[in-house]
Amino acid sequence: MSIKIKDVDNNLPLPVEKLPKCWNEEERMNALFSPFRSKAANPQDWVSKYKFWQNLIYEWLKYTKKSSFSIIDLSDTFKRNGCTPLCLVTVVEELLRNNEIISEAEFLKEPYESWTAWSIDIFVKRPLTWSYSKVKSYVINNEINKNTRYIHLQVLREFGNTIFSILEEKKENILMPYCELLKTCKSQIDTNMSDKTIMLALIWLKREKKVVFRKSENENELLIKIALHLSDSVTDIEEGIYKLMKQENELIKEIELMEEEKINIINETKLYLTKGLRQVAKTHLRKKIQLENTIAKRAHTLENIQSLISSIQNTHMNTTVLSAYKTGSDVLKKLNESGLSESNVRDIVDELSEALEEQKEVQSLLSESFKSDDLNIDLEQELEELVKLDDNVLPSVPNTKLSSNIDELHKNFKNLHIGGKIFVML
């Protein structure tokens with residue numbers, strides 16, 4: 001008879017393929033589970049050890065679909081071979097200093113300003129001295145409170161973005177009740193995702209000004225809406241339309257169920273007829289007629305509700321259009337008050353026309369070409385004639401004639417006289 005020994009490390013914090021490769025290396029894990037030594041003594045080893053736990057905590061939260069934890073949670077989760085990590089307090093302190101985590105109490109506290117301003121303050125503006133002082137506030141009797149719950153901001157941001165994408169797919173409904181969002185998240189993300197994680201992610205989205213909430217007074221349910229503007233909110237009209245649409249869906253489901261019941265009654269009536277039980281068949285037939293009357297009434301009510309929803313939506317749209325017209329009218333009135341009137345515009349247009357006409361005359365004068373009385377030659381025409389000339393048409397001059405012409409010119413220059421005086425060219 002063989003006895004199966006239970007593996008003491010059966011409850012792993014993550015699937016084997018997601019665990020660090022060194023998880024089964026005893027010497028390495030003993031070093032990683034031990035308390036941190038002085039950072040100044042071996043900075044590289046200190047940073048490497050911190051990075052190990054930083055990544056492991058992130059992967060564990062992401063895999064288990066959690067966004068909050070305490071040091072006690074980490075100690076129980078990462079217990080290995082009966083040994084608890086002795087370095088987690090330092091890891092949490094460093095996560096706090098780096099603003100990677102925040103206490104759950106501080107996260108849930110309503111900020112005085114917008115969440116965006118709070119984010120800038122905590123991630124950008126606040127110096128490290130603030131982080132150290134904030135860490136001290138979580139310490140009791142020189143020992144950090146291991147029951148304090150913290151929220152991992154990166155994990156929460158990722159969950160929030162995933163939930164926001166789900167809301168975007170459903171945004172044609174305008175408002176979405178929290179109970180419906182829970183079901184959708186668990187079906188599309190993970191069935192093990194806790195209600196608390198979803199609510200924390202919604203609070204993150206709310207403070208990021210991506211969604212707005214409104215608690216329905218009568219039905220005591222939380223209604224969620226994607227914020228289209230920074231100052232957006234759930235209006236009475238939107239809540240009213242949501243309630244009417246909810247009633248519409250309930251009526252449709254009720255009519256569908258009654259239609260199915262009617263079909264069953266018809267089948268039973270036929271069955272009794274085949275058995276010759278006509279009186280019983282008549283009884284069922286009366287039920288069918290009564291059910292049909294009820295269906296007709298429900299259908300009429302459904303038609304009224306649908307018509308009412310359409311009227312409200314059209315009226316709301318008309319109100320929006322009218323508001324746009326009113327805004328445009330106010331803007332035009334202000335412009336008219338600033339001097340935009342028919343007489344002023346006409347005067348300015350006339351002045352502009354005169355200025356343009358005068359400018360046109362100036363340009364015309366400047367573009368005129370200068371003319372000389374001594375030289376009246378159409379240069380453009382002469383250029384055209386020169387282009388048309390062919391070199392072969394020009395007469396060729398023999399060398400002998402060219403030589404005699406030169407001699408004759410030379411002789412004439414020698415006998416050149418002006419005003420009756422003869423100049424002899426030397």
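R97 and E94 both belong to helix α4 (residues 88–97), where three residues, about one turn of the helix, separate them; helices (H or I, at least four residues) and strands (E, at least two) are DSSP runs numbered from the N terminus. The two side chains form a salt bridge whose closest N and O atoms are 3.4 Å apart, the term meaning a side-chain nitrogen of Lys or Arg within 4 Å of a carboxyl oxygen of Asp or Glu. R97 is buried at 17% relative accessibility, and E94 is buried with a relative accessible area of 14%, where buried means under 20% relative accessible area, exposed over 50%, and partly exposed in between (1.4 Å probe, protein chains only).

This is a predicted model, in which local features need pLDDT of at least 70 and side-chain atom pairs count only at pLDDT 80 or more, while totals for chains, interfaces and linings use all residues. Residues are numbered from 1 along each chain as its sequence is written, and side-chain values use heavy atoms, with hydrogens and water left out.

Eleven salt bridges are found in a search of the whole structure. One of them joins R149 to D73, with the closest N and O atoms 2.9 Å apart; R149 lies in the loop between β4 (143–144) and β5 (150–152) and D73 in helix α3 (residues 71–77), so that the pair links distant parts of the chain, 76 residues apart. R149 is partly exposed at 29% relative accessibility, as is D73 at 24%.

R149 also meets the side chain of E104 in a salt bridge (3.8 Å, N to O). Because E104 lies in helix α5 (residues 104–108) and R149 in the loop between β4 and β5, this pair ties together parts that are 45 residues apart in sequence. E104 counts as buried, at 14% relative accessibility, and a network of salt bridges links D73, E104, R149 and K196.

## Helix α10

Helix α10 (residues 195–207) has 13 residues and spans 19 Å from its first C-alpha to its last, close to the 18 Å expected at 1.5 Å a residue, the expected span being 1.5 Å times one less than the number of residues. Buried residues in α10 include I198, L202 and W204. K209, which follows α10, has a positive phi, near 65 degrees.
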